[in-house]
Amino acid sequence: MVDKIIIENLSLQYSDGTESLRNINLGIHEKAVTVLFGPAGGGKSTLLRCLNRLNDLTEVRASAGRILIDGENVLDPSTDVIALRRKVGMVFARPVVLPMSIRENLTYGLELEGEKRRSKLDEAVERSLKLAALWDEVKDRLDDPAIALSGGQQQRLCLARSLALQPEIILLDEPTSGLDPISTGKVESALQELKKEYTIILVPHSVQQAARTADYAAFFLQGDLIEYSEGKTLFTAPKEKRTEDYVTGRFG
Amino acid sequence: MKRTPTINRHLTQRLGFTFITLMAIATVLPIVATVLYILVQGAPAISLEFLAGFPHDGMRAGGILPAIIGTIYLTVGTAIFSVPLGIAAAIYLSEYAADTPLTRIIRIAIINLAGIPSVVYGLFGLGLFVLFLNFGTSILAASLTLSIMTLPVIISTAEESLRSVPQAFRTVSISLGATRWQTIRRIVLKEALPGILTGVILGLERAAGETAPILFTGAAFFLPRLPGSPFDATMALPYHLFVISTQVPEMPIKIQYGTALVLLVFVLTMNLIATVIRSRARAKRQW
């Protein structure tokens, strides 16, 4: 397995002192689902937002360390963050569709970089919707407002929207936290398909989801990485007592 | 005996509501009365000659065309300066400015700008635009003076409607590889536009109706012709109304009220447009 992302000695503290990361070292494998889990406030979302530099929008007091994606340190100030965010797609906890049609949501990112050719855009719309398992449900109403979709459909649209940019890495921050079990199942099975082509990092909304989806799993507690291993090892035979306590539901 | 307090509470409530309702009606009455009175008094004056003709016989007869055209010029002139400046300032304050002492000073300045009496703007305009910059008593000087007066309204309503666009749209847009400016132009401005337009119209409406700021800067007592360039002075409806109401003896009253009616219709039409834009946008809004 190749490490797509190598996180070295990453530390971060927000200005308001809320969440932080302490000296994280982690290698994330290519074309697999890596799950970051643990109680709230553990630093999982913070770590995700470092990977696509979305933390640039937040007031960060101090940060240190490196994140190498394909060997390049993306935390370096000279990094082209626009290119980085195209390479590293993100899906948020609450489905946020942009106030435009389904089609426009999908072509938004491509049009930003100047793609105007209708054939290219149509192709991207169809491809990304199929990958997100939404094509059959919306193919006849692509010009309807995206807000008219159900919550589950909106979240898959958000997934498709990231996929339209043909990223290499997809970050998902509790993508199913607001969804019903059926919609959750659809998102999870889409991820199982996607991992053949993409490197996926998922913050799950429950331990059960973590166990269901993880090829690799990392357990975070209050800004520390406690344990990291293959999913089946971590959920059946954790080495750390704290991991075991959390996985078996003794706290958290 | 136990029921008495309940009855009292109901009675108090009913009295309270009656009082509040009466007060609410009381606020509507003066508005309705003013509009009706001006309509009744002014309507007989309205004719094609009144709207499209020049005043004659010492303004005691004829039309008010130069004043109507002048007010349109001043409103457009004010828009040219205040709209781009106001929207740009609002974008800066809402999207770019961090909470620093500088931005706090800017905000306080804007709030205080809104509280300055309009005649003070007039005096300031006289000093800066008419005399110092040597624009003379002109449409240009008057428009600039009105622009400064209008800016706080435009900036604060525009900033408010920019801020009301959900933060999540910005985050998503950035995460899709948009620059900040692309996000503002394609998402934030588009969604905030109806609110911004409403503020712009309300600000310009106030500019159209003001007398004091143009008194020293651009308004003419009487002009036998239409202004030919931005450096000419102009007649304007509010000032004309002031002139014919106080400065001209033996003025026919219906011309005064006719002028007031035209000004009122001008301003209320702008108000109506703002209301239509706002309600349409609300119906179409997707968040």
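## Around A:Ala217

In this predicted model, set aside the residues within four places of A:Ala217 in sequence and its contacts are A:Val35, A:Phe37, A:Ala210, A:Ser229, A:Gly231, A:Leu234 and A:Phe235.

A:Ala217 also turns up in the largest nonpolar core, which counts 139 residues. Together with A:Ile67, A:Ala160 and A:Leu171, A:Ala217 touches the most other members of that core. As for where the core's residues come from, helix 6 of chain B (residues 139-163) gives the largest share, with 14 residues. As a rule, nonpolar side chains in soluble globular proteins tend to be buried together.

## Where the chains meet

Chain A puts 19 residues in contact with 15 residues of chain B. On the chain A side, the elements that give two or more residues are helix 2 (81-87) and helix 3 (102-112). That side splits into twelve nonpolar, five charged and two polar residues.

## A look at A:Asp122

A:Asp122 sits in helix 4 of chain A, residues 118-131. Is A:Asp122 exposed, partly exposed or buried? It counts as partly exposed, because it has 14 C-beta neighbours inside 10 Å, and a buried residue needs 20 or more. From A:Asp122 to A:Leu106 is 16 residues in sequence, and 9.4 Å between their C-alpha atoms.

## Chain B as a whole

Chain B has eleven helices and two strands, and they run α-α-β-β-α-α-α-α-α-α-α-α-α along the sequence. Its C-alpha trace spans about 70 × 70 × 35 Å along the principal axes. The radius of gyration of chain B is 24 Å, while a compact globule of 287 residues would be near 19 Å.

Of those 287 residues, 39% count as buried. Among contacts in chain B with a separation of 6 or more, 77% join residues 24 or more positions apart.

How values were computed
Residues numbered from 1 in each chain as written. Chains lettered and ligands numbered in written order. Predicted model: local features only at pLDDT ≥ 70, side-chain atom pairs only at ≥ 80, totals over all residues. Contact = placed C-beta atoms within 7 Å. Helix = DSSP H or I, 4+ residues; strand = E, 2+ residues; numbered from the N terminus. Nonpolar A, V, L, I, M, F, W, Y, C, P; charged D, E, K, R; others polar. Buried ≥ 20, exposed ≤ 12 C-beta atoms within 10 Å, placed from the backbone. Core = buried A, V, L, I, M, F, W, Y, C linked by C-beta atoms within 7 Å. Rg over C-alpha atoms; globule rule 2.2 N^0.38 Å.
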